[in-house]
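Reader: Good morning. Could you please take me through this structure step by step?

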Amino acid sequence: VALVGPTGVGKTTTIAKLATHFRHVQRRRVGLITIDTYRMGAKEQLQQYADLLGIPMRVALTPADLRRAVQELSDRDLVLIDTAGYSQRDLLKLNEVKTFLAAAGPHETHLVLSLGSRPEVLRQVLDIYKTLQVNRLLLTKLDEANTFGGILDVGAFCDLPFSYATGGQDVTERVGLA
């Protein structure tokens, strides 16, 4: 399962929340992979979560590394892939993410959207990120949203199912099923 989305929407924190939920509540064997070597401290942050949960984590620098990491974790019930966040305007970087995802072949690719974003920005992000073959929407930062109209707005212009909704930075809180 890959999480994609623009900078600052909470992908890494959400990966940690999902890993915690599936490891401790669902009792699944979880593995983590990050291709986010762009943001300073991203891989270290995810490694700390992996260490706390007692689960393996791999770092992939190239699409071939990612393919290899997926193979190494193939005994896991769930493998979560953290991607770097890029602006919807940075088409070069988004094509790079697309190449990585093609190498991984995830069963699910969740577009992570912050409900603190304006509806027109959400629409723009959705239009551009759909090129990454996203098939789910994951909403974050419910605690930062001034209103919940953004959920309705996203639902009105999008044909993708909602997967999860989260709020806050507390990784131990439960992840809400949408």
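Author: Helices (H or I, at least four residues) and strands (E, at least two) are DSSP runs, numbered from the N terminus. The model is a predicted one, in which local features need pLDDT of at least 70, side-chain atom pairs count only at pLDDT 80 or more, and totals for chains, interfaces and linings use all residues. Residues are numbered from 1 along each chain as its sequence is written, and side-chain values use heavy atoms, with hydrogens and water left out.

Reader: How many helices and strands does the protein come to?

Author: The protein has six helices and eight strands. Read from the N terminus, the order of the elements is β-α-β-α-β-α-β-α-β-α-β-α-β-β.

Reader: What percentage of the residues counts as buried?

Author: Of the 178 residues, 46% are buried. Buried means under 20% relative accessible area, exposed means over 50%, and partly exposed lies in between (1.4 Å probe, protein chains only).

Reader: Which residues touch the most other members of the largest nonpolar core?

Author: They are V4, I33, L66, L111, Y129 and L132, in a core of 30 residues. A nonpolar core is a set of buried Ala, Val, Leu, Ile, Met, Phe, Trp, Tyr and Cys residues joined through side-chain atoms within 4.5 Å. The largest share of this core comes from α4, with five residues. Apart from it there is another core, of 21 residues, including I55, L78, L138 and Y164.

Reader: And what does L66 touch?

Author: Leaving out residues up to four places away in sequence, L66 touches I33, I35, A60, I81, F100 and A104. A contact means heavy atoms within 4.5 Å. Across the protein, 75% of the contacts with a separation of 6 or more are between residues 24 or more positions apart.

Reader: Turning to β5, why is it largely enclosed by the rest of the structure?

Author: Six of the six residues of β5 are buried, so the strand is largely enclosed by the rest of the structure. In a regular strand, side chains alternate between the two faces of the sheet. In β5, T109, L111 and L113 are buried on one side, and H110, V112 and S114 are buried on the other.

Reader: Which strand does β5 join over five bridges?

Author: That strand is β6, which runs parallel to β5. Two strands pair if DSSP finds at least two bridges between them. β1 and β5 also pair in the parallel sense, over three bridges. H110 in β5 stands opposite L3, and the bridge partner of H110 in β6 is R136.

Reader: May we change topic? What is the volume of the largest pocket?

Author: Its volume is about 390 Å³. On a 1 Å grid over the protein atoms alone, a pocket is an open set of points with protein on both sides within 12 Å along at least five of seven lines, whereas a cavity is a set of points where a 1.4 Å probe fits but cannot get out; lining residues have an atom within 4 Å of a point. Grid points are joined across faces, edges and corners, and a volume is the space filled by probe spheres set on the points. The largest pocket is lined by 25 residues, and G8, V9, G10, K11 and T12 are the closest to its centre. Helix α1 (residues 11–25) gives the most to this lining, with five residues.

Reader: How much space lies in the largest cavity?

Author: The largest cavity holds about 40 Å³ of space. Its lining consists of I35, A84, Y86, E96, V97 and F100.
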